[in-house]
Amino acid sequence: DGTATVSLSPRYAEYMNRESDGALSDRVFVSYHSNAAGGRGVVALYNGNNSAASKTPNQFLLANTLGSEVNDDMVTQNGQFEHDWFDNGNDVTLDRSDIEFGEINNNYINNEFDATIVEVAYHDDQVDAELMRDPKVRDSVARATYQGLIKYFRAVDGNSTLATQLPGAVTGV
């Protein structure tokens, strides 16, 4: 339709979302990207620096929770992969001063769910690129995201989401 830019995914998610079935605290939009332009580790993105209307209601909470969980979980696994994960410490979120991220822009989402982009590793860094080719690393990032989502949902729904997490992968079969 000529508008299939970075806004396509959130527009489609908004279209498919049944907002009458539940509340904003029942759903999220999480996108994974790799980053570039120098650096290492994980950073989660949010909007609002230039336009308050572009951020979803709990967007910073979602970005900070997922960025922190991925960073912290991956750092605790150092020594288990080909390379150690880079520790970004508390610097795990980004809201750029020159743009609003179209893929997580509330102008397309219309307050139906919170959204973030988790920039997992830097593809222009050789060590991060090698880590991202490892299926064990990708699985660990996914598990950390899942654990972060439980924390996020508990924060926005008054702890009604169960804190019980699924067990880890079966080993030693």
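Close-up 1. M16 counts as partly exposed because its relative accessibility is 48%, a value taken, like the others here, from a predicted model. Look for M16 in helix α1, which covers residues 8–16. Together with Y12 and Y15, M16 forms a nonpolar patch on the surface. The accessible area of the three residues together is about 410 Å².

**Close-up 2. A salt bridge between E69 and K151.** Here the side chains of E69 and K151 meet, with 2.6 Å from N to O. This pair links distant parts of the chain, as the two residues are 82 residues apart. E69 sits in helix α2 (residues 59–76), while K151 belongs to helix α5 (residues 135–156). Is each partner buried or exposed, or something in between? E69 has a relative accessibility of 9%, so this residue counts as buried. K151 has a relative accessible area of 46% and is therefore partly exposed.

**Close-up 3. R96 and D98 in a salt bridge.** The side chains of R96 and D98 come together in a salt bridge, with an N to O distance of 2.6 Å. R96 is partly exposed, because its relative accessibility is 33%. For D98 the figure is 51%, and exposed means over 50%, so D98 counts as exposed.

**Close-up 4. D134 and K136 in a salt bridge.** These two side chains form a salt bridge at 4.0 Å, N to O. D134 is buried, because its relative accessibility of 14% is under 20%.

**Close-up 5. A salt-bridge network of R40, D125 and D128.** In this view, salt bridges link R40, D125 and D128 into a network. How many salt bridges does the model have by this rule? The count comes to five.

**Close-up 6. E130, a buried charge without a salt bridge.** E130 lies in helix α4, which runs over residues 126–132. Which side chain of opposite charge is nearest to E130? That is R133, 4.3 Å away. A salt bridge needs a nitrogen within 4 Å of a carboxyl oxygen, so E130, buried as it is, has none with R133. What E130 does have is a polar contact, side chain to side chain, with H83 at 2.4 Å. Leaving out residues up to four places away in sequence, E130 touches E82 and H83.

Notes. Residues numbered from 1 in each chain as written. Predicted model: local features only at pLDDT ≥ 70, side-chain atom pairs only at ≥ 80, totals over all residues. Heavy atoms only, no water. Patch = residues over 30% accessible without salt bridge, like charges linked within 9 Å, V, L, I, M, F, W, Y side chains within 5 Å. Areas by Shrake-Rupley, 256 points an atom, 1.4 Å probe, with all protein chains shown as cover. Helix = DSSP H or I, 4+ residues; strand = E, 2+ residues; numbered from the N terminus. Buried < 20%, exposed > 50% of the residue type's maximum accessible area, 1.4 Å probe, protein only. Lys, Arg positive; Asp, Glu negative; His and termini not counted. Polar contact = N/O pair within 3.5 Å; in protein donor to acceptor, adjacent residues only side chain to side chain. Contact = heavy atoms within 4.5 Å.
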